[in-house]
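The points are numbered and can be read in order.

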Amino acid sequence: MSERLRIAITKGRLLDKSVELFEAVGLDCSPIKDPGRRLVHCVPNYPLDAVLAKAPDVITYVEHGVCDLGIVGKDTILEKGGSFYEVLDLGFGKCRFALAVKEGSDFYGTYKTRRIASKYPEVTRAFFEKKGMDVDIIKIEGSVELAPILDLADAIVDIVETGATLKANGLVPIEDVAQVSARLIVNTASMKLYKDEIADLIARCEGELERRK
Ligand SMILES: Nc1ncnc2c1ncn2[C@@H]1O[C@H](COP(=O)(O)OP(=O)(O)OP(=O)(O)O)[C@@H](O)[C@H]1O
Ligand SMILES: O=P(O)(O)OC[C@H]1O[C@H](OP(=O)(O)OP(=O)(O)O)[C@H](O)[C@@H]1O
């Protein structure tokens, strides 16, 4: 009798593509496709329960072992960090972190300490530390593009997918910070305790990702 695993899946953008991948490898995800307000769903034909959570909480549940696996964006992993195995790049949820400024501004030309607004202060801090630049970082919770428009910041570090939001708000990306996509992560103890069960799910996903190439 194989153990019943529990996976935390990021709600929102990544949920549909996660369901698509699991259905492609034979898991019946019909309960998850119409979740309503229910947060825990059982996959009827595979020993897996799905927990629908906010991105940073996926990492928390996997790190604490209350979920054996998780699907979360590389952006959240870079921002929050943590102790778990990152076992697969799932190939969807593709976007990137970029440094962006108001069109026409000379970000690198000034000698004053620059102010950077971001929803991802740790990613921002690491990026500028690597460049040996001292910056002031202002944490913004969303719609980060407002910060340079309101002259709160000289630049932002934010997620860019199509570039439409930057363009619509008169901002331009001047440097890429990191590539982002959805990742499958695994609790370190679960990887040992449920090696065969986890290996089966990883192998199924790897096979499907190979077929998609
Ligand atoms: N254009 C995008 N904006 C934000 N996240 C994106 C985008 N494209 C892909 N992603 C990926 O989707 C994941 C979840 O995005 P989603 O919009 O569902 O939640 P969120 O914006 O991070 O959270 P919330 O807006 O609820 O605070 C992100 O962590 C990222 O990995
Ligand atoms: O390059 P684009 O295709 O325009 O996508 C990038 C935008 O998408 C996200 O906004 P969203 O409103 O989804 O999330 P937020 O609440 O974090 O701003 C992100 O914060 C950017 O603003």
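**Notes on the predicted model**

1. Ala 126 is placed in helix α5, where helices (H or I, at least four residues) and strands (E, at least two) are DSSP runs numbered from the N terminus. With a relative accessibility of 43%, Ala 126 counts as partly exposed; buried means under 20% relative accessible area, exposed over 50%, and partly exposed in between (1.4 Å probe, protein chains only). Between the C-alpha atoms of Ala 126 and Lys 11, which are 115 residues apart along the chain, the separation is 27 Å.

2. On the source: this is a predicted model, in which local features need pLDDT of at least 70 and side-chain atom pairs count only at pLDDT 80 or more, while totals for chains, interfaces and linings use all residues. Residues are numbered from 1 along each chain as its sequence is written, chains are lettered from A and ligands numbered from 1 in the order in which they are written, and side-chain values use heavy atoms, with hydrogens and water left out.

3. Overall, the chain has nine helices and eleven strands. Its C-alpha atoms fill a box of roughly 65 × 35 × 30 Å along the principal axes. Of the 213 residues, 44% are buried. Among the contacts (heavy atoms within 4.5 Å) with a separation of 6 or more, 68% are between residues 24 or more positions apart.

4. How many positive and negative side chains does the chain have? There are 30 positive and 34 negative ones, and the centres of the two sets lie 1 Å apart. Lys and Arg count as positive and Asp and Glu as negative, without His and the chain ends; the place of a charge is NZ of Lys, CZ of Arg, CG of Asp or CD of Glu.

5. Four aromatic pairs turn up in a search of the whole structure. Rings of Phe, Tyr and Trp (its six-membered ring) pair if their centres lie within 6.5 Å; planes under 30 degrees apart count as stacked, over 60 as edge-to-face and the rest as tilted. The pair of Phe 97 and Tyr 120 is edge-to-face, because the ring centres are 4.7 Å apart and the planes stand at 70°. Phe 97 belongs to strand β6 (residues 95–102) and Tyr 120 to the loop between β7 (114–118) and α5 (121–130), so this pair ties together parts that are 23 residues apart in sequence. Phe 97 is buried at 0% relative accessibility, and Tyr 120 is buried at 9%.

6. Phe 107 and Tyr 108 form another edge-to-face pair, 4.9 Å centre to centre with 80° between the planes. Is Phe 107 buried or exposed? Phe 107 is buried, with a relative accessible area of 5%, whereas Tyr 108 is partly exposed at 38%. Ring pairs join Phe 107, Tyr 108, Phe 127 and Phe 128 in a cluster.

7. Arg 114, in strand β7, has its charged end over the ring of Phe 107, 5.4 Å from the ring centre. A charge sits over a ring if NZ of Lys or CZ of Arg is within 6 Å of the ring centre and within 35 degrees of the ring normal. Arg 114 is buried, at 10% relative accessibility. Leaving aside neighbours within four places in sequence, the contacts of Arg 114 include Tyr 108, Met 133, Asp 134 and Asp 154. Arg 114 and Cys 29 are 85 residues apart in sequence, and their C-alpha atoms are 48 Å apart in space.

8. Two residues deserve a look for their backbone angles. Most residues other than glycine have a negative phi. Ser 143, however, has a positive phi of about 45°; Ser 143 lies in the loop between β8 (135–139) and α6 (146–149) and is exposed at 52% relative accessibility. Asp 151 also has a positive phi, near 60°. Asp 151 is in the loop between α6 and β9 (155–160) and is exposed, at 57%.

9. Gly 170 is in the loop between α7 (164–168) and β10 (171–180) and is partly exposed, with a relative accessible area of 26%. Not counting residues up to four places away in sequence, Gly 170 touches Val 101, Lys 102 and Glu 103.
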